[in-house]
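This report describes one protein structure for a reader who is new to the subject. Please keep the sequence and the model in view while reading.

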Amino acid sequence: MIESYILKKTPLMQQLDEVDLKQLSCLLSERHLEKGEVLFRKGDPGDALCIIKKGRIKISLSSGVGDEVILAIFSDTDFFGEMSLVDGEPRSADATALDSVDLLLLRRSDFISFICTNSNAMLAVLQSLSRRLRQADDLLHDTCFLNVSGRFAKKLVELASAYGRLDGDTISIDLGLTQKDLASMVGATRESINKELRVLREKGLVTIEEQVICIHNLERLKRRAH
């Protein structure tokens, strides 16, 4: 049986009591993914809610010619895939493991029964859907009104907030992201991101060492994002 303390760390489950957590843990299955393994593709049936026990998952959209936009990166205790479970439609994006990943899966029928009998869980799902709609609005706004420099600076600030580790005056982001990944996050080319990184390095704001992004002046980077 999956330990209930793991579920307690997940935003969707935090308001449940121990009895509910233990009952829910009996409904979950586990799955392991190796780095680079695809969990699902856009158009696949949305048959399970996914909770990350350990590791990182990339949610992305791909074109027919190999271009990619990274919509989100989820890590420990994050959940995703609830949109397809709520509306019954196929997956709206691809999900790929960025490293070794351990997942907990909740089948659609169990998910529907679960949220229908737990008002706190229902509220958490609605908040999640609302948050992701707002993120989609932000992405559209940034694409329309910010240039590459602004979008890239804003994305670095967001990554620092979500994944940054403070080391003295430097914030380190150790996600193993390539320049191509960073470009996919802001709808730009790898060449333009390479150029932006060179500018930021010359200004003393950002450096990258072995795919670890080091932010040396967050406040100046925030100003650049606007």
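Which residues have the most contacts inside the largest nonpolar core? The sections below answer this question after a short account of the model and the chain.

## The model

This is a predicted model, in which local features need pLDDT of at least 70 and side-chain atom pairs count only at pLDDT 80 or more, while totals for chains, interfaces and linings use all residues. Residues are numbered from 1 along each chain as its sequence is written, and side-chain values use heavy atoms, with hydrogens and water left out.

## The chain as a whole

The protein chain has nine helices and twelve strands; helices (H or I, at least four residues) and strands (E, at least two) are DSSP runs, numbered from the N terminus. The radius of gyration, taken over C-alpha atoms, is compared with a globule rule of 2.2 Å times the number of residues to the power 0.38. For the protein chain it is 19 Å, close to the 17 Å that the rule gives for 226 residues, so the chain is as compact as a globular protein of that length. Along the principal axes, its C-alpha atoms fill a box of roughly 55 × 40 × 30 Å.

Of the 226 residues, 43% count as buried, where buried means under 20% relative accessible area (1.4 Å probe, protein chains only).

## The largest core

A nonpolar core is a set of buried Ala, Val, Leu, Ile, Met, Phe, Trp, Tyr and Cys residues joined through side-chain atoms within 4.5 Å. The largest one has 27 residues, and those with the most contacts inside it are Leu156, Leu182, Met185, Ile193, Val206, Ile215 and Leu221. At least two residues of this core come from each of strand 5 (68-74), helix 6 (148-163), strand 10 (170-173), helix 7 (179-186), helix 8 (190-202) and strand 12 (212-215). Helix 6 gives the most, with six residues.

Contact means heavy atoms within 4.5 Å. Leaving aside neighbours within four places in sequence, Ile193 is in contact with Val148, Phe152, Gln179, Leu182, Ala183, Val186 and Ala188.

Ile115 lies in helix 4 (residues 108-116) and is buried, with a relative accessible area of 6%. Beyond its neighbours within four places in sequence, Ile115 is in contact with Ala121, Met122 and Val125. Ile115 and Leu200 are 85 residues apart in sequence and 46 Å apart in space, C-alpha to C-alpha.

Notes: Buried means under 20% relative accessible area, exposed over 50%, partly exposed in between (1.4 Å probe, protein chains only).
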